[in-house]
Amino acid sequence: MSTSIIRIAAALLIGPDGRTLLVRKRDTLAFMQPGGKIEAHEQPVQALARELDEELGLKIDPAQARYLGPFSAQAANEPGFIVQAEVFLLNIDAVVSPAAEIEEVRWIDPAGDGGLFLAPLTGQVILPFYRATHPVTC
């Protein structure tokens, strides 16, 4: 049995207060990193810029996106699929609002889950990676 792959570009958006932005798509339960599928003609950072503009009204300078690497996990909304994400870190100080298929946005402390149901890629892979590479000191 072969596993189907969904290739996406995703953002770890960090606001001025250190919180990270998560999104929930319409008719789904899981919160996840903003981003989306990479079209055949696109580089991952171009796909990310397009998706952030479409879904959040957020215009980014692709040169400011720091590539964190490839990450993968079970897809939250497509059973039997694996999400392969090219993940970029961006510090932003902009107002965002849900658009396109995004139903809800939430800013959470990346040290926890914000009391939200998280997609596997977010909860099991990306946030733990961020915590390990950006430890909080008291």
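This is a predicted model: local features need pLDDT of at least 70, side-chain atom pairs count only at pLDDT 80 or more; totals for chains, interfaces and linings use all residues.
View A. The buried positions of the helix are Pro-44, Val-45, Ala-47, Leu-48, Ala-49, Glu-51, Leu-52, Glu-55 and Leu-56.

**View B. Length and end of helix 1.** Helix 1 comprises 13 residues (residues 44-56), and at 1.5 Å a residue it should span 18 Å. Its end C-alpha atoms are 18 Å apart, which agrees with that expectation. Just after the helix, Gly-57 adopts a positive phi of about 65 degrees.

**View C. The largest nonpolar core.** This core contains 23 residues, of which Leu-13, Leu-48, Leu-52, Leu-56, Leu-58 and Leu-90 touch the most other members. At least two residues each are supplied by strand 1, strand 2, helix 1 and strand 6. Helix 1 makes the greatest contribution, with 6 residues.

View D. When residues up to four places away in sequence are not counted, Leu-58 touches Leu-13, Ala-49, Leu-52, Asp-53, Ile-92, Ala-94 and Val-96. A second, separate core consists of 22 residues, among them Ile-8, Phe-31, Val-87 and Leu-127.

**View E. The annotated region.** An unreviewed UniProt entry lists residues 4-131 as "domain: Nudix hydrolase". Over residues 4-131 the chain is 20% helix and 38% strand, and the end C-alpha atoms are 29 Å apart.

Note on methods. Residues are numbered from 1 along each chain as its sequence is written. Side-chain values use heavy atoms; hydrogens and water are left out. Helices (H or I, at least four residues) and strands (E, at least two) are DSSP runs, numbered from the N terminus. The expected span of a helix is 1.5 Å times one less than its number of residues. Buried means under 20% relative accessible area, exposed over 50%, partly exposed in between (1.4 Å probe, protein chains only). A nonpolar core is a set of buried Ala, Val, Leu, Ile, Met, Phe, Trp, Tyr and Cys residues joined through side-chain atoms within 4.5 Å. Contact means heavy atoms within 4.5 Å. UniProt positions are given in the numbering used here, feature names are shortened, and annotations may be inferred rather than shown by experiment.
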